[in-house]
Amino acid sequence: MIFKIQLKKLSLCTYLKLMIMTHNTELANAQKISFNDFKNEVLEDYKVARVSRECSLLGRREVLTGKAKFGIFGDGKEVPQLAMAKAFKNGDFRSGYYRDQTFMMAIGELTAQQFFAGLYAHTNIEADPMSAGRQMGGHFATHSLDENGQWKNLTAQKNSSSDISPTAGQMPRLLGLAQASKIYRHVAELNNHERFSIEGNEVAWGTIGNASTSEGLFFETINAAGVLQVPMVMSVWDDEYGISVHAKHQTTKESISEILKGFQRDEKGKGYEIFVVNGWDYVQLIDTYNKAANIARTEHVPVLIHVKELTQPQGHSTSGSHERYKSKDRLAWEGEFDCIAQMRQWILDFELQDENGVTLNIVESEEELIALEKAAKKEVSLAKRNAWAAFTGEIKNEALQAVDLLNRLAEKSKNGTFISKLSNDLNAINEPIRKDILVAARKALRFVKEEQFAEKSQLQTFIKNYLDLAYDKYSSNLLSETAQTPMQIEAVLPTYEEEEKLVDARIIMRDNFEALLAKHPEVLIFGEDAGYIGDVNQGLEGLQEKFGELRVSDTGIREATILGQGIGMAMRGLRPIAEIQYLDYLLYALQIMSDDLATLRYRTYGKQKAPLIVRTRGHRLEGIWHAGSPMGGIINNLRGMHVLVPRNMTQAAGFYNTLLEGDDPALVVECLNGYRLKEQLPSNLGEFKTPIGVVETIKEGSDITILSYGSTLRIVMDAAHELAQVGIDVEVVDAQSLLPFDIAHDTVKSLQKTNRLLVVDEDVPGGASAYLLQEVLETQNGYRFLDSKPATLTSKAHRPAYGTDGDYFSKPSAEDVFEKVYAIMHEANPTKFPSLY
Ligand SMILES: Cc1ncc(C[n+]2csc(CCOP(=O)(O)OP(=O)(O)O)c2C)c(N)n1
Ligand SMILES: [Mg+2]
């Protein structure tokens, strides 16, 4: 009713304003569009909203009847997403969460059938373009890469970065997606990168639920975007709840826009533009979103839109029912203020008079809307059936093949009855899954283990092929499988001038970064103290002056969003190097590296990538928070990245040179105590390459192999020289690359010679040393060559105590290494090496 009163008063001018709003800037001359166009656009919007709603309703049914595992849908959030989609342009990026199906449909990147394919986890990327069935439904994405893993033209399409489940996990990356526009607009060398940006005119659009704004990542990102002044439009879909927990437990004053008021830009300083709008108000939403887009796009000012009064018609997800925690009044209000219901009423109430006094309506009667609603329902029902048929059809065919094979096997085998039972059971499953097929096939193989005939080898081949197929479907694309994989990049040795030039090793880093910045205009380096002073160890000294404040920059103290800057910018074609000042503080960023960066390629089936390089430095300082080396935790969390631990700055610089030619994300841990040690300055800066996944023997020996990495190698080398004095000849192997480790299996070759193995690091017991042991003994079959018990020497289980003595009694020392090796040799030859103790 409210609408009618307001809208009756509408002048033609307001109607035109409406048209401008719906058509955005290119139709500024609004008279060019007829009322008919306007009407059709509104009805098209309504149809998208209805289709989306039907998907949510049917989606829930599919879960409750057991056809899908879990459902989390966008019902109740449809109308604001229509408005966001109108303001969203080619080249723009979304970074959002699981409620955004309507937006994805409105920008033309999600059909109803694809929605259901995702719900069923259809492993075909054509069927489920969001993730090829790898992600739970409701996690959206577009394709930035083509079938060869090469960049598509991102400015010719609408882009959505791939969603992750941890609430607010979309925030750090959003910052980088927005910052990329700023870089492209202002870094002159990047003006020929039209595939990624057209003069930095792209907006990054964030969405988040009201409750998830309680997360630290939300506030960290909001602050950083305000500081950086980047084109980011952040929408908060506010339905007053986070699952069952009301806003009063989530947000001070129960209002995110209230508490963020201090961020509002004003005459005193730069900041945000903040809008508050009701989520059921189609007209105001369109107006707000257009204003927001213009501010962000033209001025590069971040905008926050607090979209209030949203609902959850079916509750949070398929796991529960909201009747349990919402009052009757609230539920009644949600019914009335359901955004689609409100939009519907607005359509029915809409009335305008043109200049001749003729009344204009969007629909002649309610019947028109009812017909449209029926059509939407039918369309979704058909889409669902098609998605299910495509999903089950593929597997049914595979099951039929297996049944046929098992039947033929049963005929030949003396255990035919048992095999027939497996076959019949499989055949009886109406809608088999792949697991059913493989369970039957693998069990059948056991029944013919003592028999030999063609059908048995056919079954073996079937199982093998099926597992190969499963690899592609469920395990491929953890790392790059393209021509640019850094694992294929060969070593290029450093070259040296004839006259030896020994320098502080940080000079090698600095000069090599200078060469890289000059060679690759896409390279940017940023972090705490990385800009003006050129990092705490001066590995970037003078480079900000040479390459400008955008390419070599200081950031706030906010590790997670430093990472996010890197992820987002790497997703838009830049080659960021994000610096985390010290390894000990990487833990603040580890969650986002693990959840977002390391999974990106995998969770999009190779359709998105972020070849970000994370630079940090660690090991062997002193104190609980300054000497950690939690490598085991890091490598366990970062599968999907390369983790490199160079022993000196030349090796480290070589890793950066390699990584920038490749298309994978990586973490490089430099040795904190190595910057002032002397190394020879190479002459081919920016060109020499340290290969990834290749160990290096840095001392040859015949009695025992010590495998180690990073700063610990210096202790190992000291011990090795002392051991030589008592007649023990140690071979020292530098792992250098923990992920991946020793692709060519060179370490085992060392064991073949020495027959003994000690792994040394300064992680906790059972940390990265256990990983290395497993690699050498199990993956490389090193156990076969051992004459002594394999051993590890690590730090104590606690964090290292402060001071030199704290270090000595917490971490492995040269004496520890000496004695550990000596003890192993004593056991092997007590006469030659009498016990020390
Ligand atoms: C880090 C993290 N903690 C908890 C969860 C479980 N969880 C999923 S959604 C949700 C509530 C989110 O509420 P809100 O942000 O308001 O979004 P809404 O679902 O209401 O749209 C929670 C707690 C999660 N996914 N991630
Ligand atoms: Mg909520």
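This is a predicted model: local features need pLDDT of at least 70, side-chain atom pairs count only at pLDDT 80 or more; totals for chains, interfaces and linings use all residues.
Student: Why is Asn477 called buried?

Tutor: Count its neighbours. Asn477 has 21 C-beta neighbours inside 10 Å. The cut-off for buried is 20 or more. So Asn477 counts as buried.

Student: Where is Asn477?

Tutor: Asn477 sits in the loop between helix H16 (454-475) and strand S11 (502-504).

Student: Why is Glu309 called partly exposed?

Tutor: Glu309 has 17 other C-beta atoms within 10 Å. Buried needs 20 or more, and exposed needs 12 or fewer. The count for Glu309 falls in between, so Glu309 is partly exposed. Its place is the loop between strand S8 (303-308) and helix H11 (328-336).

Student: What makes the phi of Glu309 worth a remark?

Tutor: Most residues other than glycine have a negative phi. Glu309 has a phi near 55°, a positive value, and is not a glycine. Asn477 also has a positive phi, of about 60°, although it is not a glycine.

Student: How do you know that the peptide bond from Leu739 to Pro740 is cis?

Tutor: Look at omega. For the bond from Leu739 to Pro740, omega is near 0°, and the bond is cis. Most peptide bonds are trans. Pro740 lies in the loop between S22 and helix H25 (747-754).

Student: What makes S8 largely enclosed by the rest of the structure?

Tutor: Burial, residue by residue. Five of the six residues of S8 are buried, so the strand is largely enclosed.

Student: How do you know that S4 and S8 are paired?

Tutor: Count bridges. Pairing needs at least two. Five bridges join strand S4 (residues 232-237) to S8, so the two strands pair. They run parallel. Met234 stands opposite Leu304 in S8.

Student: How many bridges does S7 make with S8?

Tutor: Strand S7 (residues 273-278) and S8 pair over six bridges, in the parallel sense. Ile274 stands opposite Leu304 in S8.

Student: Why do S16 and S22 count as a pair?

Tutor: Two bridges join strand S16 (residues 642-644) to S22. The cut-off is at least two bridges, so they pair. These two strands run antiparallel. Val643 stands opposite Leu739 in S22.

Student: What makes S13 and S22 edge strands?

Tutor: Start with the order. Seven strands form an open sheet, S13-S12-S14-S15-S17-S16-S22, with mixed pairing. Strand S13 (552-554) and strand S22 (737-739) each have a single partner strand, so one side of each is left without a neighbour in the sheet. The twist averages 20° from one strand to the next.

Student: Which strands does helix H19 lie across?

Tutor: Helix H19 (residues 559-570) lies across strand S12 (523-527), strand S14 (575-580) and strand S15 (613-618). Its direction is at about 170° to S14. The scale of angles runs from 0 to 180 degrees between N-to-C directions.

Student: What makes the five-strand sheet open, and which strands are at its edges?

Tutor: Its order is S19-S21-S20-S23-S24, and the pairing is mixed. Strand S19 (696-699) and strand S24 (791-793) stand at the edges. Each has a single partner strand, so one side of each lacks a neighbour in the sheet. Here the twist averages 30° from one strand to the next.

Student: How do you know that S20 and S23 pair?

Tutor: Strand S20 (residues 704-708) and strand S23 (residues 757-760) share three bridges, in the parallel sense. At least two are needed, so they pair. Ile706 stands opposite Leu758 in S23.

Student: Which strands does helix H26 touch?

Tutor: Helix H26 (residues 768-779) packs on the sheet and touches S20, S23 and S24.

Student: Which residues have the most contacts inside the largest nonpolar core?

Tutor: Val303 and Val821, in a core of 199 residues. Helix H10 (residues 282-299) gives the largest share, nine residues. Among the residues that Val303 touches are Val233, Met234 and Phe275.

Key. Residues are numbered from 1 along each chain as its sequence is written. Chains are lettered from A and ligands numbered from 1 in the order in which they are written. Helices (H or I, at least four residues) and strands (E, at least two) are DSSP runs, numbered from the N terminus. Two residues are in contact if their C-beta atoms, placed from the backbone, lie within 7 Å. A nonpolar core is a set of buried Ala, Val, Leu, Ile, Met, Phe, Trp, Tyr and Cys residues joined through C-beta atoms within 7 Å. Lists of a residue's contacts leave out its neighbours within four places in sequence.
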